[in-house]
Amino acid sequence: MEDQKTDCSENSSILSDMGSAKGFVCHYRFEEGSSQFIFLDVDQETGGVSINNTLSFSTSSYLQTISSANGLLLLSGFGESQLSYHVFNPLTKRPETLPPHGITGEVIRSGLAFDGKQYQVVLVHVFKDEENGLGPLPGDIELEIFSSETGAWRKRQPFRLSFNVEVPVSEFTELNTAPLFSNGAIYWEINGRLLVYHVKDDCCEVIELPNFSEDPSWKPTMTFRRCLWESEGRVRYTYTDIDGVHTWNLLEECEHAVYSHSNVYDREKHRWALVYTIDHTGLAKQDPDILCPGNQWGPHNISPFAYVEDSETMYLQLPGIVVAHNTKTRGLQKVCGYEFPGTEFNCCSFVPFIQSNERHQKKASKSLQAGEVVDLPIKQEVNSISF
C-alpha cells in the first residue's frame, strides 16, 4: 500500500501548473478483464480532438471509471470481499488504493472531490431491513467518506433528508450518470433526483431533476442517456429523450425571484431553467450519414457526455463514433471513431477530464488538421499500470 500512495502535495504542485483546458478520457473494458484508457485533447477553437499518448495507459485488471475531479480519476475494481477504490493521477501514473470501507450493503453511488490539495472519496448506500425483507425508506441514506488528509473513512448520515431510493443501482451499471464535482459539491443523479453533497459544509440536499415525473410511464425514459457538467461555474443537466437532447441550468439562489412568476416554477422542487434543445430531426439534417432518426442509431443510443465552452460544442457518443455539435452554429462534425463488438457500445465510455497546460499538450499531442477524424487505437502499446 505504501509504495502505491501518491503524496497529495505532489498532486497539488502538478495541478497548480495546469490550465483550464478540457479533454476526455476514453475507457475500453475488454472481455478478458483488461482495460485501456486513451486521453484526448480538445482543440478549443474547432472542437476537434487529438490523442494524448503521454497520459494514455492500460491495465491488466478490470476497472470502472467513476468520475474525475481537477485532474484526478476515481476508479473502482474487484476486491476480495468488496469493490476496491483507486484515486489515480495520470500525470504521475501512481495510483492510490484506498483501504477497505465499512459498508456491508450495496454502494449505489460514489464520487470524488479534489480542491487541488486534499481529496475526498464519498460512497452512498441505503439501509435495508434484511430480517423483514423491506427495502430502503425515505431518508435511509448513509455516506462513507474517505479523506486523504486523515487517511481514514468516516460515516455521515444526513438528517431530515427526504429521498426515496426504490431500487439501488450498482456501481457497475454503465447507464449510470457520471457524478459531477462542481463548486465544492458532488452531484449524483439517482432515479430522477439530484443528490448533492456539499463537502465543506458536510451536508446534503435533494433536488428534483427537470425530467422527473411521478407518472410510472416516465421511468423508461431514464434508460436514455444523461450527463451532468459545468459551464461558467454553473451546474447543467443534459438528457436525451424521443424529441431531442435537452440542456437545463440549475438556478442559483439569487435567480429564484426571476422565475417565481412562472406557473411551472416551484422553489422547492423545480429549480431549473431550460437553456436549449437539440432537435433530433434538425440534428440529422446537418449530416444524414451521421445520424438519421429511425435507423439503428436511435435516440436511446445518443449519449451526451461533455461540453466545451470555448468552442460552444456539445459532444455526443453514438455507437462507433463521437460527434461534436456546435450549439451556436448548429454545425455537426464527426471527431472520433472507435470499435465496439456488435451493437454493444457500453464497453467504450467517455468521461470529461481536465488536461495539462498548453506546453504539455503541444508535446503530448500530435497536430490536428481541420475536419480530421481520430480513430481510437485498441490494444496498442501504451503505459501499463498495475492496480
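Is E205 buried, partly exposed or exposed? I looked it up first: E205 comes out as partly exposed, with a relative accessible area of 25%. That value is for a predicted model, as is everything else in these notes.

**Entry 1: salt bridges**

I stayed with E205 and checked its partner. R271 makes a salt bridge with E205, and the closest N and O atoms are 3.1 Å apart. R271 sits in the loop between α2 (256-259) and β19, while E205 is in strand β15 (residues 203-208), so this pair ties together parts 66 residues apart in sequence. R271 has 16% relative accessibility, and because buried means under 20%, R271 counts as buried.

Next I went to E189. Its salt bridge is with R226, at 2.7 Å between the closest N and O atoms. I placed E189 in strand β13 and R226 in strand β16 (residues 226-231), 37 residues apart. Buried or exposed, these two? Both E189 and R226 are buried.

Then I looked at E144 and K155, whose side chains meet in a salt bridge at 3.0 Å, N to O. E144 belongs to strand β10 and K155 to strand β11 (residues 152-156), 11 residues apart. E144 counts as buried at 4% relative accessibility, whereas K155, at 47%, counts as partly exposed. I also noted a network here: salt bridges with shared partners join E142, E144 and K155. My count for the structure is six salt bridges.

**Entry 2: nonpolar cores**

Which residues have the most contacts inside the largest nonpolar core? I found Y119 and V121, in a core of 34 residues. Strands that each supply at least two residues of this core include β4 (63-69), β5 (72-78), β6 (83-89) and β8 (107-114).

**Entry 3: the five-stranded sheet**

I traced an open sheet of five strands in the order β24-β1-β2-β3-β26, with mixed pairing. Its edge strands are β24 (348-354) and β26 (383-385), each pairing on one side only. Neighbouring strands here are turned by 30° against each other on average, direction ignored.

Inside the sheet I checked β1 (residues 22-29) against β2 (residues 35-42): they run antiparallel and are joined by seven bridges. For Y28, the bridge partner in β2 is Q36.

**Entry 4: around β18**

How many residues of strand β18 (residues 244-250) are buried? I got seven of seven. On one pairing, five bridges join β18 to β17 (residues 234-240), and the two run antiparallel. β17 and β18 form a hairpin with three residues between them, and Y239 has H246 as its bridge partner in β18.

β18 also pairs with β19 (residues 272-279), again antiparallel, through seven bridges. There the bridge partner of L250 is W272.

**Entry 5: aromatics**

Last, I went through the rings. The structure holds 17 aromatic pairs. One aromatic cluster is made up of F37, F39, F57, F88, F353 and F387.

Terms used. Residues are numbered from 1 along each chain as its sequence is written. This is a predicted model: local features need pLDDT of at least 70, side-chain atom pairs count only at pLDDT 80 or more; totals for chains, interfaces and linings use all residues. Side-chain values use heavy atoms; hydrogens and water are left out. A nonpolar core is a set of buried Ala, Val, Leu, Ile, Met, Phe, Trp, Tyr and Cys residues joined through side-chain atoms within 4.5 Å. Buried means under 20% relative accessible area, exposed over 50%, partly exposed in between (1.4 Å probe, protein chains only). Helices (H or I, at least four residues) and strands (E, at least two) are DSSP runs, numbered from the N terminus. Two strands pair if DSSP finds at least two bridges between them. Axes are lines fitted to C-alpha atoms, for helices over the stretch in contact, and angles run from 0 to 180 degrees between N-to-C directions. Rings of Phe, Tyr and Trp (its six-membered ring) pair if their centres lie within 6.5 Å; planes under 30 degrees apart count as stacked, over 60 as edge-to-face and the rest as tilted. A salt bridge is a side-chain nitrogen of Lys or Arg within 4 Å of a carboxyl oxygen of Asp or Glu.
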